[in-house]
Amino acid sequence: MSTTAADLNDLPYADGDFYAFEQLLSDKERDRLAEIREFLAREVRPIAVDFWNRGEFPMELIPKLADIDLVSPVRRQGHSNLFAGLLHAEVTRADASIATFMGVHDGLFTGSIEALASEEQKDAWLPDIYSMKKIGAFGLTEPLGGSDVAGGTRTTARREGDSWILNGEKRWIGNATFSDWVVVYARDLADDKVKGFLVDTALDGFSASKIENKIALRTVQNADIKLDNVVVPDFFKLANANSFRDVNKVLKVTRLGVAWQAVGQQLAAFDVARRYAVERHQFGRPLASFQLVQSQLVQILGNAVSSMGMMVRLSQLEDAGEAKDEQSALAKAFTTARMRESVAIGRSLLGGNGIVTDFEMAKIFADAEAIYSYEGTHEINTLVTGRAITGISAIV
């Protein structure tokens, strides 16, 4: 069974936006979102399961993504953060792996350049990044450093004349097997501060190897990176990336993107589960005619709508320049928890067909586990929020 955006249009509330949050967008933004939704239904969703099963990335999709022009909708294109969030949810709804690819290239990588580079650096780098002529990756997490990487970055940078020498390892770096550039965060041996560098993946001493045997986001090409005396010219040291506090400026915004992914993943589960319940017959009746099945569908929808409502308000705060780190943390923790529940209900509703990717739900279910964990685990984001409401840190 293949469910597309087009074949959902004959059902009530086809877009799953039960409280009509999209009406908060401008007419121009609604038209643009509809254009992108149609593109995703035509170009992304039909190929998503096949590439996921094979663990391969559809490289031929990159020029099409460039043509539809998704990069930097807020800073470059002038759209609202609400539009950017709903856009990210829609890409996730079509395929969480492609949404993660875009989240890395656009959110983490491009966001690092936009927030932390000098104007001269931006002028030199951003045109090719925006056009996707250069694909980027984001190198922060390490084999021995995840949630504690803020104070435990082991990758080092040493200034030597007009260059920097980078040594160390990074892990879980999306896009890095084929990216042109990677923003690498490393600890400066001179002052023990974390600093950022734009690293050309063709440089001597740089290597990336694909992480195999994943059960989630299999299309995403995550890599282990090794940096062995990689020489980076001083111009490629990000001018305004001089401490982990600077890195957090990027993570605060991208955490919103992951929370929006959790919304999109729930909408994807709702799409597939609802269509299956309407079309599948048991005991001579559609599954949707049974009370318990309707209860399950309503629970998925309720989780999605409550998550979306939280994200709509947080996007408005971001537009007003008033969003706080702890609000992003709560959003990531809450929406991903609801997502985990929603995809589990959806998988259960499909019965045995819920564990094979032929019916999409198994992929949606598995991909949710990665979204639940990255950009700060549920536990860490919970403790960030707890610290904000008590004034006491329980993290360490």
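Which side chains meet in a salt bridge at 2.5 Å, N to O? They are those of Glu-56 and Arg-54. A salt bridge here is a side-chain nitrogen of Lys or Arg within 4 Å of a carboxyl oxygen of Asp or Glu.

This structure is a predicted model, in which local features need pLDDT of at least 70 and side-chain atom pairs count only at pLDDT 80 or more, while totals for chains, interfaces and linings use all residues. Residues are numbered from 1 along each chain as its sequence is written, and side-chain values use heavy atoms, with hydrogens and water left out.

## Annotated domains

The UniProt record, in an unreviewed entry, lists "domain: Acyl-CoA dehydrogenase/oxidase N-terminal" at residues 27-132. This span is 78% helix and 0% strand, and its end C-alpha atoms lie 27 Å apart. The record also places "domain: Acyl-CoA dehydrogenase/oxidase C-terminal" (unreviewed entry) at residues 245-389. There the chain is 79% helix and 3% strand, with the end C-alpha atoms 21 Å apart. UniProt positions are given in the numbering used here, feature names are shortened, and annotations may be inferred rather than shown by experiment. Helices (H or I, at least four residues) and strands (E, at least two) are DSSP runs, numbered from the N terminus.

## Salt bridges

Side chains of opposite charge can pair when their charged atoms come close. By the rule stated above, the count comes to 30 salt bridges.

| Pair | Closest N and O atoms |
|---|---|
| Lys-64 and Glu-43 | 3.0 Å |

Lys-64 forms its salt bridge with Glu-43. Lys-64 lies in helix H2 (residues 61-68) and Glu-43 in helix H1, so the pair ties together parts that are 21 residues apart in sequence.

Buried means under 20% relative accessible area, exposed means over 50%, and partly exposed lies in between (1.4 Å probe, protein chains only). Asp-271 is buried, at 2% relative accessibility, and Arg-45 is buried as well, at 9%. Lys-64 is partly exposed, with a relative accessible area of 35%. Glu-56, at 38%, counts as partly exposed, as does Arg-54, at 39%.

Asp-271 and Arg-45 also belong to a network of salt bridges that links Glu-22, Arg-37, Arg-45, Glu-90, Arg-93, Asp-271 and Glu-360.

Where does Glu-29 lie? Glu-29 is in helix H1. Although buried, Glu-29 has no salt bridge, and the nearest side chain of opposite charge, Arg-30, is 7.6 Å away. Residues up to four places away in sequence set aside, Glu-29 touches His-79, Ser-80 and Phe-83; contact means heavy atoms within 4.5 Å.

## Other local features

Asp-69 is found in the loop between H2 and helix H3 (81-94) and is partly exposed, at 27% relative accessibility. Asp-69 and Tyr-130 are 61 residues apart in sequence, yet their C-alpha atoms are 8.1 Å apart in space. Not counting residues up to four places away in sequence, Asp-69 touches Arg-32, Arg-76 and Gln-77.

Tyr-13, in the segment before helix H1 (27-54), is partly exposed at 48% relative accessibility. Together with Phe-18 and Tyr-19, Tyr-13 makes a nonpolar surface patch of about 360 Å². The C-alpha atoms of Tyr-13 and Thr-156 are separated by 52 Å, and the two residues are 143 residues apart along the chain. Thr-156 is in strand E2 (residues 156-160) and is buried, with a relative accessible area of 15%.

Most residues other than glycine have a negative phi. Asp-192, in the loop between strand E4 (181-188) and strand E5 (194-200), has a positive phi of about 65° although it is not a glycine. Phe-283 has a positive phi near 55°. Phe-283 lies in the loop between strand E8 (281-282) and strand E9 (285-286) and counts as exposed, at 78% relative accessibility.

Key. Patch = residues over 30% accessible without salt bridge, like charges linked within 9 Å, V, L, I, M, F, W, Y side chains within 5 Å. Areas by Shrake-Rupley, 256 points an atom, 1.4 Å probe, with all protein chains shown as cover. Lys, Arg positive; Asp, Glu negative; His and termini not counted.
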